[in-house]
Amino acid sequence: MNYRSPRGTHDIFGINALGMSLLEQKSKEIFKKYGFEEIRTPIFEDASLFMRSIGQATDIVEKEMYVFEDRKGRKLALRPEGTASLVRACIEHRMDISNPAGKFFYSGEMFRYERPQAGRYRQFHQIGAEYYGNSSPAADAEVIVLAQDLLAAVGIDKINVHINSLGCEKCRPFFRKTLIKYFSSAQGLCDDCARRLKNNPLRLLDCKIDAGKFIEVPQMANYLCDGCKDNFNSVKSLLKSVDCVYTVDEKLVRGLDYYTRTVFEIRSDSTSSQDALAAGGRYDNLVEELGGHDTPAMGFALGSERVMLAAQSVGLFNNFKDSEKIFIAIADQELFNGAFAFAVKIVRNGLSFNKDISVFGPINGKSLTNQLKYADKIQASKTIVFAKTEFENGKVLIKNMKDKTQIEAVINEL
Ligand code: ATP
Ligand code: MG
């Protein structure tokens, strides 16, 4: 029996693992600068947490969640996204009261039962942030610019920022009614849209099948109340003030129920894919709906694998500098212990001429020729050879693996 990773999952190794680490490390630096602190939540939660927050009539809850029962019959779900878990954690630890202006970030695996294709997997990674307690449009602008900075940090600066306002509980119901009325008389809706018309009519606006079929579709912009209109104008002028170029996209509605007012998506300009690299928005009612204090909130998440694909297409790894690889070889087996101690010492302290090294060897029981072959195979740039005569004089040989030249060096000076 040959085992393979389950459909839609991937082993991440080599250059992709390096890239993912780089993205995680850079994003941590940027979150810190913007004053966000880390939260790690469980990978599974009560299934009802997601059903309630994301909404029954959404793709995620309707068909993408991994739901299972544990041995005591509890209904659990692998997390499909981060926001619901963070809200749950903040309420559970009373952070909605003790830290009402909390700024948090997370990073980790998410699970959605989707049809796998490039940039769309069943287990994938998101890096995201949530900004609680600030209803000002400045929080919206800050989160959008933060997402933009994360992408820029891994070399993705050719992007399109799409923004829209979905209104609030005052103005959205009227827009929903108008949409239901408009689409009820429309012919040729796809099956999903026909089914969703009553309980999630906004989704019809960004349906991948039906988009473009209809003309003079009602636009949210014409239905926004004065408060939402002012708010959206402020978001736009704040974005302009920090040179964020955006497009107002009337069709951007986002799949999740909890959004209010500002929503956004960032797409890559350099890959042909129209899929979003990052997406988010404001959700001013969710904390209270899940049992917390009335706390406005704004957040986003980026898909790490999609960001990696985009980063590779703009050559992220072309100038990626890996540590210098050093191999330790022994010409005489009895020098193994001395070579081993030296290897650990340089792992801990680096070499005097380079602190940024990765150390391999020594290996015992192999001829020197085989050891050097191994050094070539792992692409070591230098091999430090422990040989009896030199070692007795406190010296080793340093072999340059590219031009095959070698020099003597005093061990204590390395
Ligand atoms: P899409 O419209 O592409 O399905 P979404 O609206 O479902 O995206 P969100 O829930 O907003 O996506 O998630 C935020 C980001 O996470 C997306 O912009 C994307 O980069 C990433 N993402 C979402 N689903 C997947 C997936 N199945 N595989 C890989 N990345 C994903
Ligand atoms: Mg999706």
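Helices (H or I, at least four residues) and strands (E, at least two) are DSSP runs, numbered from the N terminus. The structure is a predicted model, in which local features need pLDDT of at least 70, side-chain atom pairs count only at pLDDT 80 or more, and totals for chains, interfaces and linings use all residues. Residues are numbered from 1 along each chain as its sequence is written, chains are lettered from A and ligands numbered from 1 in the order in which they are written, and side-chain values use heavy atoms, with hydrogens and water left out.

By an automatic or database domain assignment, the chain is divided into domain 1 (14–168 + 245–313) and domain 2 (324–413). The C-alpha centres of domain 1 and domain 2 are 47 Å apart.

An oxygen atom of ligand 1 lies 2.8 Å from a polar side-chain atom of R112. In the side chain of E114, an N or O atom is 2.6 Å from a nitrogen atom of ligand 1. At L277, a backbone N or O atom lies 3.1 Å from an oxygen atom of the ligand. Taken alone, ligand 1 exposes 590 Å², of which the protein buries 89% (accessible areas by the Shrake-Rupley method with a 1.4 Å probe).

Grid points are joined across faces, edges and corners, and a volume is the space filled by probe spheres set on the points.

The second largest pocket has a volume of about 390 Å³. It is lined by 23 residues, of which R172, R176, D257, Y258 and Y259 are the closest to its centre. Helix 2 (47–54), helix 7 (172–184) and helix 10 (286–289) give two or more residues to this lining, the largest share, 3 residues, coming from helix 7. The lining comprises 9 nonpolar, 6 polar and 8 charged residues.

There are 3 cavities of 30 Å³ or more. The largest cavity holds about 60 Å³ of space, and its lining includes F183, D210, K213 and K251. The second largest cavity holds about 50 Å³; helix 4 (83–92) and helix 5 (95–98) each supply at least two residues of its lining.

Two backbone features were also noted. Most residues other than glycine have a negative phi, and most peptide bonds are trans. R94, in the loop between helix 4 and helix 5, is not a glycine but has a positive phi of about 55 degrees. A cis peptide bond, with omega about 0 degrees, joins G361 and P362. P362 is in the loop between strand 13 (357–360) and helix 13 (368–377).

Note on methods: 1 Å grid on protein atoms, 1.4 Å probe; cavity = no way out; pocket = protein on both sides within 12 Å on 5 of 7 lines; lining within 4 Å. Nonpolar A, V, L, I, M, F, W, Y, C, P; charged D, E, K, R; others polar. Polar contact = N/O pair within 3.5 Å; in protein donor to acceptor, adjacent residues only side chain to side chain.
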